[in-house]
Amino acid sequence: MRLQGTVLAAALVMLGSTWFFTTHGRHELSLREDTGSLEISGSGAPNSTADALARYEPAISAIYDAVPEARHYYHVDEAPNVEGGLDLVDWGKRSRSVFTIGDEVEDKLSRVAGLDMAAYVPPYLPGADGLPIRFVLQSAGSFQQLGAVFDAFLARVRASGLFAYAEKDLKIDQPQTIATVLSRAVTRASSGAT
């Protein structure tokens with residue numbers, strides 16, 4: 001009971017610091033950290049085949065090979081998508097951060113005609129795979145209407161300059177095949193003596 005004033009003062013200081021750090025601190029779930037690896041995501045044309053994507057592999061490999069800090073990389077074509085990763089040497093053996101290297105790699109990948117690709121540092125905290133930020137657009141209208149809204153949204157996202165890469169997963173231009181199965185009944189005449 002003798003320290004009641006001290007405890008109350010400490011509680012007020014903690015409450016005040018909580019307000020200060022909430023309003024003036026960086027608003028991130030976790031700070032960006034140099035994890036020493038990059039992830040690569042991208043896609044080709046909607047009708048890209050594995051053979052078509054294989055034509056881009058020499059250009060992509062040359063970009064990875066040009067990174068002096070690279071330890072090893074992998075590249076996977078899953079038509080029409082392209083995935084990959086680049087692992088860097090330890091921090092003591094390189095002078096550039098993974099963010100600087102990632103910006104350089106992404107800039108070079110953006111010049112590969114026919115592919116839309118991004119390089120990013122995977123999030124430090126575990127969670128869903130894929131790109132760090134996702135937006136969900138919903139509509140009660142048709143897929144064509146949703147596609148038009150999504151295209152307008154993507155145009156504004158890209159024009160903002162705040163995002164290095166943006167794509168949509170609503171792909172109404174995917175090639176389709178319609179298969180019609182025909183069947184016919186076969187009747188056999190039976191002959192028998194009665």
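**Sheet, helices and ring pairs**

Q: In this predicted model, over how many bridges do strand 1 and strand 4 pair, and in which sense?
A: Strand 1, residues 37-43, pairs with strand 4 over five bridges, in the antiparallel sense.

Q: What stands opposite Ser41 there?
A: Ala118 in strand 4.

Q: And the sheet, in what order do the strands come?
A: The order is 2-3-1-4, four strands in an open sheet with antiparallel pairing.

Q: Which strands stand at the edges?
A: Strand 2 (70-78) and strand 4 (116-120) do; each has a single partner strand, so one side of each lacks a neighbour in the sheet. On average, neighbouring strands are turned by 15° against each other, direction ignored.

Q: Which strands does helix 3 touch?
A: Helix 3 (residues 57-65) packs on the sheet and touches strand 1, strand 2, strand 3 (81-88) and strand 4. Its direction makes about 160° with that of strand 2.

Q: What about helix 4, which strands does it lie across?
A: Helix 4, residues 98-109, lies across strand 1, strand 3 and strand 4, at about 25° to strand 1.

Q: Switching to rings. How many aromatic pairs in the whole structure?
A: Two. One is Tyr64 with Tyr73, a tilted pair at 4.8 Å centre to centre with 55° between the planes.

Q: Tyr64, buried or exposed?
A: Buried, because its relative accessibility is 1%, under the 20% limit. Tyr73 is partly exposed at 29%.

Q: Why is the Phe150 and Phe153 pair edge-to-face?
A: The planes stand at 70°, and over 60 counts as edge-to-face. The ring centres are 6.4 Å apart.

Q: Where do Phe150 and Phe153 lie?
A: Both are in helix 5 (residues 143-160), three residues apart, about one turn. Phe150 is buried at 10% relative accessibility, while Phe153 is partly exposed at 25%.

Terms used: Residues numbered from 1 in each chain as written. Predicted model: local features only at pLDDT ≥ 70, side-chain atom pairs only at ≥ 80, totals over all residues. Heavy atoms only, no water. Pairing = 2+ DSSP bridges. Helix = DSSP H or I, 4+ residues; strand = E, 2+ residues; numbered from the N terminus. Axes fitted to C-alpha atoms, helices over the stretch in contact; angles between N-to-C directions. Contact = heavy atoms within 4.5 Å. Phe/Tyr/Trp six-rings, centres within 6.5 Å; stacked < 30°, edge-to-face > 60°. Buried < 20%, exposed > 50% of the residue type's maximum accessible area, 1.4 Å probe, protein only.
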